[in-house]
Amino acid sequence: MSELSGKNILLGITGGIAAFKTPMLVRLLRDGGVNVQVVMTAAAHRFVTPTTLQAVSGRPVRDDLWDAAAEAAMGHIELARWADLVVIAPATAHCMATLAQGLADNLLATLCLATKAPILVVPAMNQAMWSSAATQRNVSKLIADGVSIVGPDEGDQACGDTGPGRMVEPPAIVDRIRQRLVAPVLAGVKPVLAGVKVLITAGPTVEAIDPVRFISNYSSGKQGYAIAQAAVNAGAEVTLVSGPTNLAPPSGVRMIAVQSAHDMFDAVHAEVADQNVVIGVAAVADYRPAEQAPQKLKKKSDKMNLLLDQNPDIIASVAALKNKPLVVGFAAETEQLIEHARAKRVRKGLDAIVVNDVSKQDIGFNSDYNSATLIWAQGELALPFQTKDELATSLIRHLADIFVSQLAITNPESATN
Ligand code: PMT
C-alpha cells in the first residue's frame, strides 16, 4: 500500500454499530503510511471510544467544533485544507441527510463543507432506512454533488434484518481510498474505466418484410452513441454494435454495423467473450416477420395478416452466460416506469437497468435530451433531465462507482490506475 504513504485522510465516524470496525480501518491505513485524523460525532462515542481511536491513529481525536485547545492547535478550516481525502465510515442516514442539505451543525459536517478534498461516504444503516425514499433522495443528491458512495453491502444486519445496509468491510474501503487517491486525472475526466472493455448496442433494428419494407422503431442511436463516447472518454476500449442510424461513429470506438435483431445477436455473441461490460441501449425489435418475402409483396385484398416470430433477447442471453460480463440494460417504458423496470431487470438477469419514459416528446426516442432512473439490486438513482451526452457521462461515472468491485475483479488495473 506504499502508494498511499504520506497521504492525509480525515476519517469521520458517525453513530452506527459498524463504528466498532473503524479501529481496524485506521490500523490498515496507518500500516500503509497514511496520516489519519479521526473526527467523531457525538453519537459515534456510543459505539467506539476516542481512546481506542487515538491509540491506533496516533493523534488526538477531534469531536467538537468549540474545543478551544484543539482549535488553537489546528483550526477546523486548516484541518479541512490538510485532508487529501475525507472518508466517512460508517455514515448514518442522519449524516447523509445533513451532508445532502449542506448543514454545518457539528465539526464533521462543517469540515465537509469547508474541504476541497474528495469525500467518500460509506453508508451503514438498517435496510429499510437505506431503501427509504428520503435516504435514496439524499444519495442521489450527494452523488450529484460529486461525493462517492461506497456500498453498502448486502447481508445480515445487527438488528436482525437482511438486506442492503451493511458497511463495506475495512479492506474494501482501503481499496476504494487507493483508487480515489491514486487514480490519475487526464484532461479533467477520470479514466474510471481505464483498461475495461465495454460493448454497447445502440440504434434500432430493422426487420425486413420484403426487399422494400420493414418493421422498426424511432430510435436514432443518440443515447447509445453518447454512452459509447462517454465510455471512451473514461478510458474504456469500446465496441459499438449499432443498427442503422444517421450518426457518425463516436471517435475511438470500434464500430460494427448491423440491420436485424438476429444480426445484432450474432455480432454481440461473437464479441462478448472478452468484454467486461455490456450495455444494451439498442431498441431491438421484439418480433420479426416469420417469413421474408424474396420479392416485393403485391397488394391483393383489403386486409393482410403479417405473422411474426419472436426475436431472441440479446441482453438476457448475455446475462445468462456462464462467465457473464457486467450487464446493464435500458428499459423504454410508457407507464409505471419504475415498477416495470425493476421487474425487467430481474426477469432478464441484469446487474442494472436504466429506465426512460418514451411516451414524452422532449426525451427518449430521437430527442437530444433524456431523463432516467438507474436501478440496481441495492439502489436507485435519478438521472434528471439533461442532454443525452451529459446523461451518458453521468451514467458511466455512476456505473464505475457502483460496480467498482466487479470491474476491479475483471480488470485489476482499473482499481489501482
Ligand atoms: O436511440 P435514441 O433515439 O437516442 O433513443 C434512446 C432509447 C429510448 C432507444 C434508449 O434510451 C432506450 O430506452 N433503449 C432501450 C429500448 C428498448 O428496446 O427497451 P426495452 O424495454 O424494449 O428492452 C429492454 C432491454 O432489453 C434493452 O436493453 C434492450 O436493448 C434489450 N433487448 C430487448 C429486446 C431484445 N430482443 N433484445 C434485447 O437485448
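Author: We can begin with a loop: P152 lies between β5 (148-149) and β6 (153-156), where helices (H or I, at least four residues) and strands (E, at least two) are DSSP runs numbered from the N terminus. This is a predicted model, in which local features need pLDDT of at least 70 and side-chain atom pairs count only at pLDDT 80 or more, while totals for chains, interfaces and linings use all residues. Residues are numbered from 1 along each chain as its sequence is written, and side-chain values use heavy atoms, with hydrogens and water left out.

Reader: What kind of peptide bond joins G151 and P152?

Author: Most peptide bonds are trans. Between G151 and P152, however, omega is about 5°, and the bond that joins them is cis.

Reader: Which strand holds P90, and what is omega for the bond that joins A89 and P90?

Author: P90 has its place in strand β3, which covers residues 85-91. The bond that joins A89 and P90 is a cis peptide bond, and its omega is about -10°.

Reader: Where is Q336 found, and is its phi positive or negative?

Author: Q336 is found in the loop between β16 and α13. Most residues other than glycine have a negative phi. Q336 is not a glycine, and yet its phi, at about 40°, is positive.

Reader: Where does the ligand sit?

Author: On a 1 Å grid over the protein atoms alone, a cavity is a set of points where a 1.4 Å probe fits but cannot get out, and a pocket is an open set with protein on both sides within 12 Å along at least five of seven lines; lining residues have an atom within 4 Å of a point. A molecule sits in one of these if more than half of its atoms lie within 2 Å of its grid points. By that rule, the ligand sits in the largest pocket.

Reader: How much space lies in the largest pocket?

Author: Grid points are joined across faces, edges and corners, and a volume is the space filled by probe spheres set on the points. Counted in this way, the space in the largest pocket is about 910 Å³.

Reader: Which element gives the largest share of the shell around the ligand?

Author: The ligand is surrounded by 28 residues, of which S220, A282, K344, N356 and N366 are the closest, and a residue counts if one of its heavy atoms lies within 4 Å. At least two residues each come from α10 (222-233), α12 (314-319), β16 (326-333) and α13 (337-348). The largest share, 4 residues, comes from β16.

Reader: What distance separates a backbone N or O atom of N366 from an oxygen atom of the ligand?

Author: An oxygen atom of the ligand is 2.9 Å from a polar backbone atom of F330, and a backbone N or O atom of I315 also lies 2.9 Å from a ligand oxygen. For N366, the distance from a backbone N or O atom to an oxygen atom of the ligand is 2.6 Å.

Reader: Which element supplies the largest share of the lining of the largest cavity?

Author: The structure holds 2 cavities of 30 Å³ or more, and the largest has a volume of about 50 Å³. The residues that line this largest cavity include L193, V198 and L407. Two or more lining residues come from each of β13 (277-280) and α14 (388-402). The largest share, 3 residues, comes from α14.

Methods. Polar contact = N/O pair within 3.5 Å; in protein donor to acceptor, adjacent residues only side chain to side chain.
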